[in-house]
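Reader: I would like a close look at the aromatic rings in this model and at what surrounds them. Please go through the pairs, the charges over rings and the neighbouring packing in one connected answer.

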Amino acid sequence: MKFQPNEVQARSRAAAAVLMIVMFFLVGSFFRAQVVLHDAYRLAAEENRLREVPLPSPRALIRDRHGAVIAENVPGYTVSVLAPRPDSLRAVLERVTTVIPMNEEQVEAAMRRYRRSATRPTVILNSASFDIVSRLEEHRVLFPGLIIQETPKRFYPDGPAVAALVGYTGEVSEDELRQPAYAAYKPGQQVGKGGIERQYEDRLRGREGMRFVEVDARGRVVRDESTREAALPEPAPPLITNIDLDLQRFVAATFGDSLAGAVVALDPATGEVLALHSAPTFDPNRFIGGIPAAYYSQLLNDPRRPLLNKALQGRYPPGSTWKLATAVTALEQGVIKMDDRMPVPCTGGYQYGNRFFKCHLARGHGSLTLAGAIEQSCDVYFYQLALKMHLPQLVAGGVRLGGGGRSGIDLPNDSRPEYPTEPVAEYFNRKYGARGWAGDGPALNLAIGQGENAQTVVNVARFYTALANGGEATQPRVVHGEPVKARLFTLDSATVAGLRGALAGVVSRGTAASARISGVVLSGKTGTAQSGRKVNGVELNHAWFAGYAPADQPKIVVAVMLEYGGHGTRAAQIASRVIEHYLKVSTVQFIKTEGE
């Protein structure tokens with residue numbers, strides 16, 4: 001078949017037009033891919049070739065009030081694996097176990113980390129020793145995707161001496177990762193697990209950096225360096241605390257390994273926590289990178305409960321240290337004055353209904369004023385004082401003085417004390433039933449720091465800052481901040497002077513006479529509190545002392561509780577040594593440092 005010349009020419013023009021259109025779209029596509037979307041495709045190619053490896057930031061240093069280091073960082077090693085699939089990771093882990101010891105729990109933990117964040121290298125060892133790292137390096141060819149990097153490791157130079165205060169760090173847990181507060185964290189990262197480390201996590205963690213490694217099509221690391229610029233980690237600035245590390249060490253050494261209990265030392269003017277210790281203690285350095293099972297079992301099975309922070313979490317009957325709360329409540333309500341005496345002199349006990357309430361001194365104290373009853377810690381005087389106020393007024397006074405509330409210290413796990421709430425009848429009906437108590441009976445025990453009254457050591461210390469300040473309590477603070485004050489009671493100056501004189505008399509001629517400090521007037525109150533625990537038919541008592549010094553211008557408040565420690569005199573002697581050390585050693589050292 002023949003085509004006419006005009007028809008051939010028309011078809012040629014049509015074919016040329018189609019070709020032009022095709023070429024236009026091809027050129028456009030090439031331009032779009034190579035010019036317009038150049039950066040996007042280049043990034044995609046880079047992402048196929050490069051993998052992000054996080055660079056952990058060193059946690060901020062924690063320092064005491066004079067700049068001494070409480071927590072720092074030392075070099076450590078982490079071992080991670082880049083794996084494209086879960087089965088690839090498990091295969092690598094199986095080979096790793098032939099070279100270094102890894103138990104099934106560690107393997108499963110690594111698999112859980114992978115499932116939560118497959119795009120990041122999966123941490124298989126958080127704190128590897130140099131020996132383990134060396135052995136892995138020798139067999140690196142067996143482990144595709146293996147990444148070994150130097151990472152900062154937390155270290156506490158004073159270890160057990162600061163454990164109750166600073167806490168420790170550990171891997172973020174599955175439960176924590178489900179909480180909104182930890183939304184920005186990834187599996188394998190380290191977080192604060194207690195004390196300052198947990199309370200101030202946001203200020204300690206710093207900003208994570210990032211570097212890149214080159215991988216092949218199967219996800220195996222082929223080069224540990226890349227031309228892509230790394231983002232270096234940014235450490236947070238040091239966290240300055242109110243702690244006097246020298247005093248903290250002294251307190252820990254005073255308790256040693258034999259005593260159980262707690263000490264809290266505060267600056268009454270500001271609430272600054274100078275020292276906080278719980279005994280027996282533990283070594284927080286053993287927790288870094290995973291606590292050894294044998295050591296953790298030892299801590300759990302120790303009947304003295306070293307993992308319980310006795311300063312913040314432990315709740316104990318405060319004994320006679322609480323008599324000052326009873327006295328303040330009665331004085332505020334106008335029920336009594338400092339020189340008033342009770343109708344019934346102390347002869348060793350007091351009969352109320354069908355029960356005889358004993359005094360700690362079997363022969364009795366005779367007739368005493370309120371000041372004398374505080375100095376000699378006469379239970380009979382305070383039994384009668386409680387009956388003068390009646391139970392509702394006594395409970396209301398204790399609540400007002402902070403007996404039922406947390407201390408407010410800036411540390412986690414600050415327990416709420418046990419103390420009756422209002423209305424009183426509902427509280428006791430709920431606790432004992434409508435017929436399980438009667439009248440003012442519970443008031444007698446409450447007045448002397450027993451019964452339904454269990455305080456934390458830090459809460460007792462806070463109350464005694466109010467006694468030192470004439471009625472204004474300061475909230476305990478571990479880290480620098482504006483003082484938070486609250487007026488707990490208001491008494492005239494003469495009455496405040498009388499209370500202070502009675503507290504000074506406790507040490508100069510009363511139950512804590514053996515705790516006198518040469519050249520310093522120490523004021524405070526002993527307490528011997530029933531624990532309910534008996535050994536060979538004899539009840540073990542908790543020993544308490546809370547006080548301050550110097551009496552005229554208080555610079556330190558100390559509360560000491562010895563678990564099953566016997567008479568309060570023992571606690572008073574420890575408090576005396578702590579206060580003397582602070583006033584005569586720590587303060588002098590600070591003045592020298594400032595002078596230099």
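Author: A charge sits over a ring if NZ of Lys or CZ of Arg is within 6 Å of the ring centre and within 35 degrees of the ring normal. The model is a predicted one. In it, the charged end of Arg205 sits over the ring of Tyr185, at 4.1 Å from the ring centre. Arg286 is likewise placed over the face of Tyr295, and its distance from the ring centre is 4.1 Å.

Next come the contacts between rings. Two rings pair if their centres lie within 6.5 Å, and by this rule there are eleven aromatic pairs. One of them joins Trp322 and Phe463: the ring centres are 6.0 Å apart and the planes meet at 40°, so this pair is tilted. Trp322 belongs to the loop between α11 (293-301) and α12 (323-332), while Phe463 belongs to helix α18 (residues 457-469), so the pair ties together parts that are 141 residues apart in sequence. Trp322 and Phe463 are both buried. Another pair, Tyr381 with Phe382, is edge-to-face, with 5.8 Å from centre to centre and 65° between the planes. Tyr381 has a relative accessible area of 3% and is buried; Phe382, at 0%, also counts as buried. Ring pairs also build a cluster, whose members are Trp322, Tyr419, Phe463 and Tyr464.

After α16 comes Gly433, which has a positive phi, near 85°.

Leaving aside residues up to four places away in sequence, Thr526 touches Trp544 and Phe545, and its other contacts include Ser320, Thr321, Val506, Ala512, Gly568, Thr569 and Ala572. Thr511 is touched as well, and the side chains of Thr526 and Thr511 make a polar contact of 2.7 Å.

Technical notes
Residues numbered from 1 in each chain as written. Predicted model: local features only at pLDDT ≥ 70, side-chain atom pairs only at ≥ 80, totals over all residues. Heavy atoms only, no water. Helix = DSSP H or I, 4+ residues; strand = E, 2+ residues; numbered from the N terminus. Phe/Tyr/Trp six-rings, centres within 6.5 Å; stacked < 30°, edge-to-face > 60°. Buried < 20%, exposed > 50% of the residue type's maximum accessible area, 1.4 Å probe, protein only. Polar contact = N/O pair within 3.5 Å; in protein donor to acceptor, adjacent residues only side chain to side chain. Contact = heavy atoms within 4.5 Å.
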